[in-house]
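Hi,

Here is the structure I said I'd pass along.

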Amino acid sequence: METVVSGIRPTGNLHLGNYFGAVKSFLRMQDEYNCFFFIADWHSLTTHPHPDNIRNSVKTILSEYLACGIDPEKATIYIQSDVPEVVELYLYLNMNAGIGELMRTASFKDKARQQLHISREGCEGDVEKEIFNEGNKHSVSAGLLTYPTLMAADIIIHKALKVPVGKDQEQNMEMARRFARRFNSTYGVDFFPEPASFHLGNKSVKVPGLDGSGKMGKSEGNAIYLIDDEKTIKKKVMKAVSDAGPTEPNSVKPEPIANLFTMMEIVSEKETYDFFNEKYNNCEIRYGDMKKQLAEDINKFCAPIRERILDMAANTEYLDKVARMGAEKARESASKTLNEVRQIIGFRPY
Ligand code: TRP
């Protein structure tokens with residue numbers, strides 16, 4: 001079975017967009033591949049979270065993924081910081097990674113710009129210049145610079161062939177392939193395979209936001225979370241943008257309306273969708289009724305997951321057990337790779 005690795009940044013609760021965009025394909029992958037899914041808590045240090053923050057968000061992610069059906073018997077679910085082998089590989093990769101190539105990555109520049117408080121509109125050389133200013137000498141961390149090497153280590157420590165990631169991770173993936181190749185050529189070995197991005201593809205659904213345009217996202221402030229209760233869901237859906245309704249039969253749906261229908265297609269029965277679609281085409285649609293139905297169907301979908309999330313979160317013992325089991329399996333795979341890496345470089349095996 002091919003190995004798949006994916007890291008999940010611990011940032012807040014899962015929403016419907018995450019579920020249909022990513023989690024659902026994880027559920028499919030865990031049956032077809034040797035999967036390693038981990039919580040990237042070391043990566044989160046680039047934004048300097050408080051220890052309580054880290055503890056809580058790791059617990060949240062774990063409870064929510066398990067509640068969605070990620071199965072610790074099928075996939076290896078672990079916390080990055082439980083696998084110290086990764087940092088050792090990160091060190092080796094950093095020895096052959098160039099400051100220049102790391103500084104040129106778009107995500108480094110973006111995040112450095114934020115940390116230096118310079119606007120996006122600044123000219124190209126701004127980031128480099130500001131970083132070396134006396135007053136800024138520790139504003140941008142070396143950890144931020146080497147984010148792509150850590151990500152490469154996460155992936156190649158398990159010799160993964162496939163990495164399910166969003167399009168925004170393409171440059172990081174390019175770097176991971178480059179560092180894998182460089183290790184091989186530096187030591188004249190054919191040891192690390194090059195990991196390919198696995199775009200969650202056509203089968204994953206883009207969940208729209210209900211605020212008129214665009215997709216659902218945490219930063220867009222238009223998300224419906226899996227943990228939202230019935231009342232919250234209803235409030236969010238009833239507030240969704242709509243309009244006065246079509247005036248001509250079979251009109252093209254404007255984006256906010258199309259989004260309501262897309263959402264309905266995702267969570268409701270086909271009959272429900274067809275019913276409202278026909279009303280729309282006859283110009284008899286009442287958006288109030290449609291939203292009420294949509295809220296009900298979203299709740300029907302979320303309620304069992306929500307219940308499981310609450311159960312999981314209350315069961316610290318179980319969460320600990322899952323994390324311990326995952327760490328053990330991940331370390332077994334990681335230490336096998338690392339032992340060989342140590343010998344290739346010229347160090348003793350453990
Ligand atoms: N950089 C990824 C993100 O921002 C998270 C991540 C860290 C990751 N390590 C990884 C993803 C390894 C896939 C594989 O979403």
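Let's start with I298: if you skip its neighbours within four places in sequence, I298 is in contact with L16, I224, I233, V237, M263 and V267 (contact meaning heavy atoms within 4.5 Å).

Before I go on, a word on the source: this is a predicted model, with local features needing pLDDT of at least 70 and side-chain atom pairs counting only at pLDDT 80 or more, while totals for chains, interfaces and linings use all residues. Residues are numbered from 1 along each chain as its sequence is written, and side-chain values use heavy atoms, with hydrogens and water left out.

Back to I298. It is one of the residues with the most contacts inside the largest nonpolar core, alongside L16, I224, L226 and M263, and that core has 58 residues. A nonpolar core here is a set of buried Ala, Val, Leu, Ile, Met, Phe, Trp, Tyr and Cys residues joined through side-chain atoms within 4.5 Å; buried is under 20% relative accessible area, exposed over 50% and partly exposed in between, with a 1.4 Å probe and protein chains only. Helix α13 (residues 287–314) gives the most to this core, with nine residues. Helices are DSSP runs of H or I with at least four residues, strands are runs of E with at least two, and both are numbered from the N terminus.

Where does this core lie relative to domain 1 and domain 2? Both domain 1 (1–203 + 314–343) and domain 2 (228–309) give residues to it, so it lies between them. The domain bounds come from an automatic or database domain assignment. The C-alpha centres of the two domains lie 36 Å apart, and their contact takes seven residues from domain 1 and nine residues from domain 2.

The other thing to look at is a helix pair. Helix α2 (residues 51–68) and helix α14 (residues 316–345) pack at about 90°, their axes 11 Å apart. Axes are lines fitted to C-alpha atoms, for helices over the stretch in contact, and angles run from 0 to 180 degrees between N-to-C directions. That makes α2 roughly perpendicular to α14 (65 to 115 degrees; under 35 is roughly parallel, over 145 roughly antiparallel, the rest oblique). On the α2 side the contact uses K59, L62, S63 and L66, and on the α14 side T316, Y318, L319, V322 and A323.

Overall, the protein has 14 helices and five strands, and buried residues make up 46% of its 350 residues.

Cheers
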